[in-house]
Amino acid sequence: MLHAPVGWQCPACIAEGAKKTKVIRPFAGSGLTRTGIVGSTNPTPVVIALVVICVVVFVASGFGKASVITRLGMWPNGVHFLHEYYRIFTSLFLHLNFLHIAFNMITLLIVGPAVEVMLGKSRFLALYLIAGVGGNVLSYLIAPAAVVSAGASGAIFGVMGAYVVLARIQRKPMGPVVALIIINLILGFTGNIEWQAHIGGLLTGAALAFAYNYASMARPIAREVALTIGSSAVTLGILAVLVVGIAPGHVNVS
């Protein structure tokens, strides 16, 4: 017999009781940290990596130094006349000042993890980048062609648009994110903000979320991968045709 907190027990009884006892590990991963719901999902690997990259680039750029923004920011005339297509991508990681990067990164940390949980790492990263490009393409088409802009807000609007689509499909609460989108769109129209990139990113992210969600249900796995890559390629192809085939400035909605 062995002495126990509840008296004396035989070794066999203790062993049998241990099998039935639920072990609680308070710091282990659990459904509560990966619910896919905004506000109850912990920061995820890709989101953290994107935040770190943006912060490092912000510091390396001299905290939004004007010369760096001019050289690498989104400039429609530079894209069209000088064929500096890289600007459509590099501008996604640049920010103008501390308030600019702080607001964008906080929003990404709030909404991004839930979308990453629902889509998975690879699809989330693809959506973030393609939505950012989509935002810049709409900016290229309808924003003032001579103005240089920068920021991850187009990509982040894409993430918010994706959350609304996925939350609708999976019956998750989406009210706070819808309110966040509306507030940010209003602020974009009233301030000196590139709202065109916001709308472009929002539409691109929502469309990709629908396509990726459909792909995730496909079987076998080869078909799922093919649908994911195919929808990404088609979206990028459409965006490329718009940039190559249309000059900026024909429609200036400022």
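Tutor: A contact here means heavy atoms within 4.5 Å. Among the chain's contacts between residues at least 6 apart in sequence, 74% join residues at least 24 apart. This is a predicted model, in which local features need pLDDT of at least 70, side-chain atom pairs count only at pLDDT 80 or more, and totals for chains, interfaces and linings use all residues. Residues are numbered from 1 along each chain as its sequence is written, and side-chain values use heavy atoms, with hydrogens and water left out.

The secondary structure consists of 11 helices and two strands. These are DSSP runs numbered from the N terminus: H or I of at least four residues for helices, E of at least two for strands. Along the sequence the order is β-β-α-α-α-α-α-α-α-α-α-α-α. Of the 254 residues, 42% count as buried. Buried means under 20% relative accessible area, exposed means over 50%, and partly exposed lies in between, with a 1.4 Å probe and protein chains only.

Now the rings. Rings of Phe, Tyr and Trp (its six-membered ring) pair if their centres lie within 6.5 Å; planes under 30 degrees apart are stacked, over 60 edge-to-face, and the rest tilted. By this rule there are five aromatic pairs. One of them joins phenylalanine 58 and phenylalanine 63, edge-to-face, at 5.6 Å centre to centre with 85 degrees between the planes. Phenylalanine 58 is buried, at 3% relative accessible area, whereas phenylalanine 63 is partly exposed, at 41%. Phenylalanine 58 also pairs with phenylalanine 98: the centres are 5.2 Å apart and the planes stand at 80 degrees, so this pair is edge-to-face. Phenylalanine 58 belongs to helix α2 (residues 45–60) and phenylalanine 98 to helix α6 (residues 98–119), so the pair ties together parts 40 residues apart in sequence. Phenylalanine 98 itself is exposed, with a relative accessible area of 57%. Through these ring pairs Phe58, Phe63 and Phe98 are linked into a cluster.

Histidine 95 sits in the loop between α5 and α6 and is buried, at 0% relative accessible area. Its side chain makes a polar contact with the side chain of asparagine 104, at 3.2 Å. A polar contact is a pair of N or O atoms within 3.5 Å; within protein, one must be able to donate a hydrogen and the other to accept it, and residues adjacent in sequence count only if both atoms are side-chain atoms. A polar atom of the histidine 95 side chain also lies 3.5 Å from the backbone nitrogen of alanine 152.

For comparison, here are two places elsewhere in the chain. Leucine 185, in helix α9 (residues 175–190), counts as buried at 19% relative accessibility. Not counting residues up to four places away in sequence, leucine 185 touches Phe157, His198 and Ile199. The buried residues of α11 are Glu224, Thr228, Ser231, Ser232, Leu239 and Val243. Their cover includes α4 (76–81), α5 (87–90), α7 (121–142) and α10 (195–216).
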